[in-house]
Amino acid sequence: MPEIAAAAIIKSRRPHILARMFRALRLPMNDPFAVAGLLIYLVFIVVAVFADQIATHDPTEILYTPAYDLAADLRPGQDGFIMGTTSLGRDIFSQLVYGSRSALLIGITAAFMVALIGSIIGLVAGYFGRWVDAILMRLADIAFGIPFLPFVIVLAAFLRPSIWNVVIAMALVLWRDTARVIRSQVLTLRTRGYVEAARVAGSSDFKIILRHIAPNILPLSFLYGSIAIGWAILTEASISFLGFGDPDSISWGYMLQDAFASQALAKQAYYWFVPPGICIILVVSAGFFITRGYENILFPKLSR
Amino acid sequence: MSEPLLSVRDLRVSYQVGRNFVHAVDGASFDIPRGSITGLVGESGCGKTTVARALTRVIAENAAITGGQILFDGKDLAKIPEREMNALRWRDIAFIPQSAMNSLDPVYTVEYQLAEVLRRRGGMNRKQARARSEELFEMVGIDANRLNDYPHQFSGGMRQRVAIALALALDPKLIIADEPVTALDVIVQRQILDQLKELQTRLGVSVILVTHDISVVAYICDRTVVMYAGKVAESGTMQAALTAPSHPYTMGLRNAFPDLQGAASGILTPIEGAPPNLANPPTGCRFKPRCPFALDICGTEPPVVDVAPGHPVLCHRANESAALRIEAARTETWMAPA
Amino acid sequence: MDGPGMNMITKRPDILVSVFDAKLHYDVGGAFAAMRGKSTVVKAVDGVSFDIRRGESVGLLGESGCGKTSMGRLLLKLEEKTGGTIHFNGEEIGAVRGSGLKKFRSKAQLIFQNPFDAINPRFTIRQTLSEPLENADIPKREREDRIIAALELVKLPEPAQFLDRYPHQLSGGQLQRVVMARALILQPEFVVADEPVSMLDVSVRAGVLNVFRDVRDRLGLTAIYISHDLALVRYVCERTIVMYLGGIMEDGPTEDIVREPLHPYTKALVAAVPVPNPDQSHDPLPIGRGAPDPRNPPSGCVFRDRCPAAHARCAAEIPQPKPVGTRTVACHLY
């Protein structure tokens, strides 16, 4: 490896802790798609956090027009309902707004669990190798054999229908991809000179994993986390659409199911099912855009 | 006597890295006589690999020849269109890249890879290609039976011989080898170098050997071109440049090589400092910060002085080289650079 | 279970490291190879014995595949030997664990080959040098001083400026000195240097080697210098062990070996080194072509298939190391 020409040796200060965190995450700022993705997330996060302020009504409340009729199937704009109402008299706009809350809650929690479990398993399997690796990877093989959507449905049948079913199911099954990839990354890192140097310097395995290996796999964990968010939201939408979702919480999937059941298409009530569909597409796409941004950072040669 | 086979005049090659331009080669000039082995010597970052690649125009996408001429057989290789250049590759000029032994395709037999060159570029039919392949293997010292083996079945040294055979396939006039023996053990290295020398004598092909190891150059080269920071510090016959170096950098390089035949107590003398950043090259002589003989005048661009016919030196004090050489042999000279 | 090594130690306290019949065999497996009857065991180190006195600098010389790197790693317990004994300071290192292992690590260190690989690119120099200190439970207030002292030891000018820098901001030569500083910061007794300058530019090597020699003398280190470059070994080590395919061919004072090599392999090695002298000889090397294959070494003497002096006895009998003058040679010719 050639010597680096150390011409202008820069005097550097220890970067601020926030700056170091950002560097660790290596947020993909160069890719316009990734930036768009981040912005979309930002918008939806704001909407979710301030749902109470933004929504005009309670999403589950059955509403009435000033003339004391049921406010059912109203077109957008009528009687102050921005996006119209459902066949049952609920405000679509408010449902959309609160729906973002469920979506993001599930998405982020599930992504976090998947990334966390997958990373830990990948780290342990990759670093310790031998029988630990063998057992954990056989577990992953089993997880790979489980068809995901049917599994969620079965789970919903055993547990109470709840939005957390998706999270639990993902935590139990979808860590498999992350674990595999993290493990191979760890296998590469393990051969690095500085890992051995740490051993020679007397560092314990735990210390080596924590200080030398984990920071280098964090970007990958985030990559797979981003993918997982999209999956979680899609899965929740699918489950709700199929009717296995939580009837007490309003989600976009629930809206789609509700619209379908109420024959919204026949009624040409596009204002009902198109917005939640678009929201799902936007959020899931945003997740994948960010993923692509990370890929460009982690594996720059791929873009050639 | 005769005209040189290849003549490089003031060659300039630059890379674009982000928004910066790195001037990897900044005005290199040298001649390659026919039937010689020339060593292109220098440390990392001096531009020798870039020069070697520029000669066959296989430089990176973000690099370009920004000036100068490469005169070969009446053509200027820096300027001819790609099609013409492509016709010359393998047939007139062959290039063995660094770690060529690792760039053999693992899923094809070596015979297939040789045949690819012979048939597609040489226009041979299958029988002719086979005959030539056997001939080539004999030339580089590999058993012809091994033509049907795959690259991973050969040792590193053998693979390097295969790479040499590939270069020789179409009987080129010039072979450019980039660090051909660096990755090899010393015994294999010696055997490959012997083979190269023998081939050169037998076939009369000219060779440019790019390396950082002046012992290798001393072993088989007739001529030396010493590069530093993108420029040619000095060039001349190998005897002249190594036994009686005229540029302070060559003098310093000499000191840094432990000599097995010399006294054991010899101190190795480093050259303190590091080469300059070629994205922002300094004005004046590039070796000035590390040179024990630097004077104020060295802040201006040094002239090229011929200390002997065919031995140009890029130094303000080239005419004093005999005296400086004596100074340079003393360790103390290098301990406190100017 | 300890073999002659143990007796040697108790009788000779000047021996720091004692190796007896050390073996490192890998099973590279492959069901297919096994089915074809081909050996799947790589004998990286196959029955190596030597002693190192305190303060000695010994070169482990050989080409790739000879086992020198593996031997170095065995000495530091970075690999577990599959046979034989290795004593460090009188204690067999195979059984060392826990706090004993920590103590061993503070006494026996490694200098790596590639400085850019051996240092975590995300750590500052200060963090890199703090790690061994933390492991040895050196109190925080003492650390900074010891780090500066270590950097001064390896002759990095104005050490304080380097503390907050990252590896990519240093040159190869500077970084290799940091690697050395890290190895020396706990003041070990024993250092294994694995080709420490092979990745550096030629004009920089001299500086790093000079620092190594200087430090070794100042701290009274016992050192093993692993290299394939005889000229470098000669510069640093007064004694050289020549290895080939997992075994020791010759062992003795470096000067004697260079001036008058005895073992046929050593003769070829010495003849093969190119010197920067245009008037050197171009005679063919006294050695067969071919390359050593650790998986299928020849029977008897491992060098016999390339040896110009091989005879019948060489295939039948493994030559035992015999003293010849100042050296030990493993060859039937002696």
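## A look at chains B and C

Among contacts in chain B between residues at least 6 apart in sequence, 65% link residues that are at least 24 apart. Keep in mind as you explore that this is a predicted model.

**Chain B as a whole**

- Chain B contains 11 helices and 12 strands.
- Its radius of gyration is 21 Å, close to the 20 Å that the globule rule gives for 338 residues, so chain B is as compact as a globular protein of that length.
- Of the 338 residues in chain B, 50% count as buried.

**The sheet of chain C**

- Here is a handy piece of background: strands of a sheet pair through backbone hydrogen bonds, and they do so either parallel or antiparallel.
- In chain C, 8 strands make an open sheet with mixed pairing, and their order is β6-β7-β8-β3-β9-β10-β12-β11.
- The edges are taken by β6 (108-111) and β11 (322-324) of chain C; each has a single partner strand, so one side of each is left without a neighbour in the sheet.
- From one strand to the next, the twist averages 20°.

**Helices lying across strands**

- Helix α3 (residues 68-75) of chain C lies across β3 (57-61), β7 (190-194), β8 (222-227) and β9 (239-244) of chain C. This helix runs at about 150° to β8(C).
- α12(C) lies across β9 and β10 of chain C, and its direction is at about 105° to β9(C).

**Where chain C meets chain B**

- How many residues of each chain are in contact across this boundary? There are 35 residues of chain C in contact with 35 residues of chain B.
- On the chain C side, α9 (202-219), α10 (230-236), α11 (254-259) and α12 (264-272) each supply at least two of the touching residues.
- The largest share of that side, 8 residues, comes from α9(C).
- Sorted by class, the side of chain C that touches chain B has 21 nonpolar, 9 polar and 5 charged residues.
- You will see α12(C) in two places on this tour: it lies across β9 and β10 of chain C, and it also supplies residues to the side that touches chain B.

Conventions: Residues numbered from 1 in each chain as written. Chains lettered and ligands numbered in written order. Predicted model: local features only at pLDDT ≥ 70, side-chain atom pairs only at ≥ 80, totals over all residues. Contact = placed C-beta atoms within 7 Å. Helix = DSSP H or I, 4+ residues; strand = E, 2+ residues; numbered from the N terminus. Nonpolar A, V, L, I, M, F, W, Y, C, P; charged D, E, K, R; others polar. Pairing = 2+ DSSP bridges. Axes fitted to C-alpha atoms, helices over the stretch in contact; angles between N-to-C directions. Rg over C-alpha atoms; globule rule 2.2 N^0.38 Å. Buried ≥ 20, exposed ≤ 12 C-beta atoms within 10 Å, placed from the backbone.
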